[in-house]
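Hi,

Here's the structure I said I'd pass along.

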Amino acid sequence: MAKHPIIDDIEKVLVSEEQIEEIVKRISAQIDAYYENRNSRLLLLGILKGSVVFMGDLMKHITVPVEIDFMKVSSYGNGTSSGSINILLDLYRKDFPNTDILIVEDIIDSGKTLSYLVEYLRLKGAKSVRTCTLLDKPERREVNFDADWVGITVPNEFVVGYGLDYDEKYRALPFIGVLKEEVYSQ
Ligand code: PRP
């Protein structure tokens, strides 16, 4: 593991670079198998910002033709409704009916973001909407939601790295680590 200036803030490595590589290979092969021979356009839709590293690795391994785009959303309030999502960057597309959308996420916590986005994109008329996440934290679920492809299920710990942040830091770490409690409890 390369020495990183912020490595001292990490309690332990939860998902190593090697594990992530295996996950990316497995999921990209499953995505290839699922989408091959479809007479439509496959759009990988990354949800900013956390998904960018996973998205970049995934798109390099997928061999079926893909297009890419991004949305940015934020949740607001503490309500349990999946409607409490704010769209900060929307997806504009002329040909939704001929587009298979695969949403790429870094993590599912409450499930509100993906549950909302799947419904939103279906209402826009997408041919299909599927979901893929590197991490799944089922202990945090507030709405009933399962992704179509999950890299790895993780416990309810403060995870950072490989796109995930705390206060916008740690996104560039090449692995998923658990943040030391003293860093976020100050
Ligand atoms: C994180 C993550 C998902 C969402 C999951 O994004 O990237 O988009 O939260 O949470 P949920 O299942 O409870 O809806 P965040 O809002 O932290 O923004 P970021 O990706 O820009 O860090």
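Predicted model: local features only at pLDDT ≥ 70, side-chain atom pairs only at ≥ 80, totals over all residues.

Ligand site first. The ligand sits in the largest pocket, with 14 residues around it. Glu105, Asp106, Ser110, Gly111 and Thr113 are the closest of these. Sorted by class, that shell comes out as seven charged, four polar and three nonpolar residues.

As for where the shell comes from, strand E5 (99–108) and helix H3 (112–123) each put in at least two residues. E5 is the top contributor, with four.

- Thr113: a polar atom of its side chain is 2.5 Å from an oxygen atom of the ligand.
- Gly50: here the backbone does the work, with an N or O atom 2.8 Å from a ligand oxygen.
- Asp165: a side-chain N or O atom lies 3.3 Å from an oxygen atom of the ligand.

On the surface side, the ligand taken alone exposes 500 Å², and the protein buries 76% of that.

Then there's Ser51, in the loop that runs between strand E2 (41–48) and helix H2 (52–61). Is Ser51 buried or exposed? Its relative accessibility is 0%, so Ser51 counts as buried, the cut-off for that being under 20%. The Ser51 side chain also reaches the backbone oxygen of Ile47, at 3.0 Å.

That's the lot from me.

Cheers

Note on methods: Residues numbered from 1 in each chain as written. Heavy atoms only, no water. Near = heavy atom within 4 Å. Polar contact = N/O pair within 3.5 Å; in protein donor to acceptor, adjacent residues only side chain to side chain. Areas by Shrake-Rupley, 256 points an atom, 1.4 Å probe, with all protein chains shown as cover. 1 Å grid on protein atoms, 1.4 Å probe; cavity = no way out; pocket = protein on both sides within 12 Å on 5 of 7 lines; lining within 4 Å. Sits in = over half its atoms within 2 Å of the grid points. Nonpolar A, V, L, I, M, F, W, Y, C, P; charged D, E, K, R; others polar. Buried < 20%, exposed > 50% of the residue type's maximum accessible area, 1.4 Å probe, protein only.
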